[in-house]
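Biologist: I am new to this structure and would like to learn how to read its features one at a time. Could you take me through some of them, giving the general idea before the particular case?

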Amino acid sequence: MVNTAYDSAGQTPAASPWAAVGVSAFDERLYQAILNQPDAGAAGWALLTGASPARVREACNRLLSLGLLQPPDSMGGLRAVDPRVAIRALIRRRETESELLAATAEEMATAYEAGLLREEPSRLVEVASGEGAIAARLEEMYARAEHEVCLFDTPPYLAPAGPQVDLQADLLSRGIVSRGIYSATGLEDPKALSRAFRMVELGEQARVLPSVPLKLLVVDGCRALLPLTASAAGGYCAVVVWHSAVTEALQKLFELAWQQAAPLGQAVDDGGLSESERTLTRLLAAGMKDEAVARHLGVSLRTLRRRVSELQERLGAASRFQLGMRASQRGWV
């Protein structure tokens, strides 16, 4: 048996499966001879394979190192290891080697990108113009995420939110950590608020600030996407920044904001809250103004303030701040 096969059309050679575990064509032929004639010895195997005894001895040493043969002992000479055991062990060894090689890919990629930047600094950034181009870059960045995605979310929303929600949902299903900081003013939009709570349901770690400095996506701390023009200017124009001091600074900016932001969670019915009260605690936790909360709940400001006062009394809270803290401690937000 040789180490090369042919496809069904008999035209192109196809590598033997043995090649995938590092066994050469001659070593495979010798191993087959040993399996068929285990007592032939080196001289007999040389005759069976048509090779010199010296070549057979060298190949036997390789098969020993691969774990396909067991060394001579008091019971006799070389013997083949059960192929079912030996081949599985070879496969596991190759898988481990492949995983170790893959683990170095990020480090090698970092060195590669650094070399490109030294050669041509303009490679640091890539401008994407138009909704389609930005959407394509966004999809690519989510697909390449390996560890964590960090997001600043703030209006204006120039494109439909649906595609990004789907990308984030897929990201979370792959076990990638997603952290988002939302602008409280943006969450005054019922659709934006509903989307944010939906992401929390899917597993996103979400927090809220009165405002965030800009739209921003940072993937694995080394790639970033952010608007190229000011929010007031409108239009579809963004920049992708590759791993550099710039992306490191943007990641640090996110971490600083994360420390200052308040959790945006889901209220749970741990304290006998009604549905409207659960919604109220979440809206208050988002840092919304009374006017915006009243609009979401469809009640007057007077009714809203009465409900807030009732919640404060139930929790023994003297202020809105204490209300938020105690609701959080009870798992309501």
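Predicted model: local features only at pLDDT ≥ 70, side-chain atom pairs only at ≥ 80, totals over all residues.

Biologist: What span does H8 reach, and what is found at its start and just after it?

Modeller: From its first C-alpha to its last, H8 reaches 18 Å, which is close to the 18 Å expected at 1.5 Å a residue. At its start, a side-chain oxygen of aspartate 189 comes to within 3.0 Å of the backbone nitrogen of lysine 191, while just after the helix glycine 203 adopts a positive phi of about 120°.

Biologist: Which residues touch the most other members of the largest nonpolar core?

Modeller: As a general idea, in soluble globular proteins nonpolar side chains tend to be buried together. Here the largest nonpolar core has 24 residues, of which Tyr182, Leu187, Leu264, Leu280, Met288 and Leu304 touch the most other members. At least two residues of this core are supplied by each of helix H7 (162–173), H8, strand S8 (205–209), helix H10 (275–285), helix H11 (290–297) and helix H12 (301–315), and the largest share, 5 residues, comes from H8. Setting aside residues up to four places away in sequence, leucine 304 touches Leu280, Asp290, Val293, Ala294, Leu297 and Val299. There is also a second, separate core of 21 residues, which includes Val21, Phe26, Leu30 and Val56.

Biologist: At what angle do H1 and H3 pack?

Modeller: Helix H1 (residues 25–36) and helix H3 (residues 53–65) pack at about 90°, their axes lying 10 Å apart, and H1 is therefore roughly perpendicular to H3. Where they meet, Phe26, Asp27, Leu30, Tyr31 and Ile34 are the residues from H1, and those from H3 include Val56, Ala59 and Leu63.

Biologist: Is serine 183 buried or exposed?

Modeller: Here the cut-off matters, because a residue counts as buried under 20% relative accessible area. Serine 183, which lies in strand S7 (residues 177–183), has a value of 2% and is therefore buried. Beyond its neighbours within four places in sequence, serine 183 is in contact with residues including Asp153, Thr154, Val208 and Leu209.

Methods. Residues numbered from 1 in each chain as written. Heavy atoms only, no water. Helix = DSSP H or I, 4+ residues; strand = E, 2+ residues; numbered from the N terminus. Expected span 1.5 Å × (residues − 1). Polar contact = N/O pair within 3.5 Å; in protein donor to acceptor, adjacent residues only side chain to side chain. Core = buried A, V, L, I, M, F, W, Y, C linked by side-chain atoms within 4.5 Å. Buried < 20%, exposed > 50% of the residue type's maximum accessible area, 1.4 Å probe, protein only. Contact = heavy atoms within 4.5 Å. Axes fitted to C-alpha atoms, helices over the stretch in contact; angles between N-to-C directions. Parallel < 35°, antiparallel > 145°, perpendicular 65-115°, else oblique.
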